[in-house]
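Hi,

Here is the structure I promised to pass on. Have a look at it first, then read my notes below.

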Amino acid sequence: VDKALTIFRFVLDMKTKSLSLTKPCDCELLLVAYSDVLDVSTEKLYSNRKDKALHDEIATLFFKIGSIHEKLHQYHDAVLFYNKSLKIRQIRKDYNDIGVILNSLGIAHAKRRSFKKAFRCFSDSLAIRKTIFGDKHKEVAETLHNMGNCAAKRKDFDNASIYYEQSLIIKKMNYGDMSESTAKTIQNIGMVNEELGLLDDAF
């Protein structure tokens with residue numbers, strides 16, 4: 001098992017360096033490579049359940065596989081693997097990773113148009129990230145922006161505006177006024193203001 005795991009890890013490392021997540025065919029190849037490592041890692045875990053590093057690796061593999069499924073627009077599978085990763089992180093109380101997974105899980109739910117589930121994930125992620133990093137961290141801004149997206153998709157433009165404005169304040173503090181991330185939130189605020197009939201504030 002150890003030898004097989006070493007080989008599969010090596011193959012995965014080579015593929016992650018040579019393949020691109022922007023190409024569906026490359027994503028499929030990476031998915032196979034990640035799954036090979038996951039299968040052998042899981043087999044090894046049966047004989048050594050106290051191996052913390054192996055638990056961490058499996059949680060990371062679940063998350064990576066979920067990310068690739070999301071890239072391939074396979075959102076049901078993305079949610080499935082994100083949840084598997086989340087369960088391990090929750091057991092181990094890896095709160096930083098929990099915040100990251102919940103944010104990604106929220107995005108996947110939103111792409112499935114499961115907006116209530118998405119918003120719940122974003123809210124939980126926001127609470128964790130504020131506790132860990134404080135109110136002005138860039139990861140807090142990221143989650144607030146996603147909450148704005150979710151509210152806008154639900155046609156709740158008043159709350160979308162609030163989340164975007166909160167995100168914008170933090171992004172300006174972290175990235176400045178001219179960053180791509182800041183510009184994206186400003187653009188979304190403009191679209192929401194247009195929906196609300198606030199044309200003077202839309203552009």
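**What turned up**

V11 is partly exposed, at a relative accessible area of 31% (buried is under 20%, exposed is over 50%, and partly exposed is in between, using a 1.4 Å probe and protein chains only). You'll find V11 in helix α1, residues 2-18 (helices are DSSP runs of H or I with at least four residues, numbered from the N terminus). Together with I7, F10 and M14, V11 makes a nonpolar surface patch of about 350 Å². Patch members have over 30% relative accessible area and no salt bridge, with nonpolar side chains (Val, Leu, Ile, Met, Phe, Trp, Tyr) joined within 5 Å and like charges within 9 Å. Accessible areas come from the Shrake-Rupley method with a 1.4 Å probe, and for residues only the protein chains shown count as cover.

Before you go on: this is a predicted model, where local features need pLDDT of at least 70 and side-chain atom pairs count only at pLDDT 80 or more, while totals for chains, interfaces and linings use all residues. Residues are numbered from 1 along each chain as its sequence is written, and side-chain values use heavy atoms, with hydrogens and water left out.

**Salt bridges**

How many salt bridges does a search of the whole structure find? There are ten (each is a side-chain nitrogen of Lys or Arg within 4 Å of a carboxyl oxygen of Asp or Glu). One pairs R9 with E57, with the closest N and O atoms 2.5 Å apart. That pair links distant parts of the chain, since R9 sits in α1 and E57 in helix α3 (residues 52-71), 48 residues apart. R9 is partly exposed at 35%, whereas E57 counts as buried at 19%.

Another joins D56 and R89 at 3.3 Å, N to O. D56 is in α3 and R89 in helix α4 (residues 75-92), so this bridge ties together parts 33 residues apart in sequence. R89 is buried, at 7%.

K111 and E70 also meet in a salt bridge, at 3.1 Å, N to O. K111 lies in helix α5 and E70 in α3, so parts 41 residues apart in sequence are tied together. K111 is partly exposed at 41%, but E70 is buried at 12%. Finally, bridges that share partners join K52, D56, R89, R92, D94 and D97 into one network.

Happy browsing!

Notes
Helix = DSSP H or I, 4+ residues; strand = E, 2+ residues; numbered from the N terminus.
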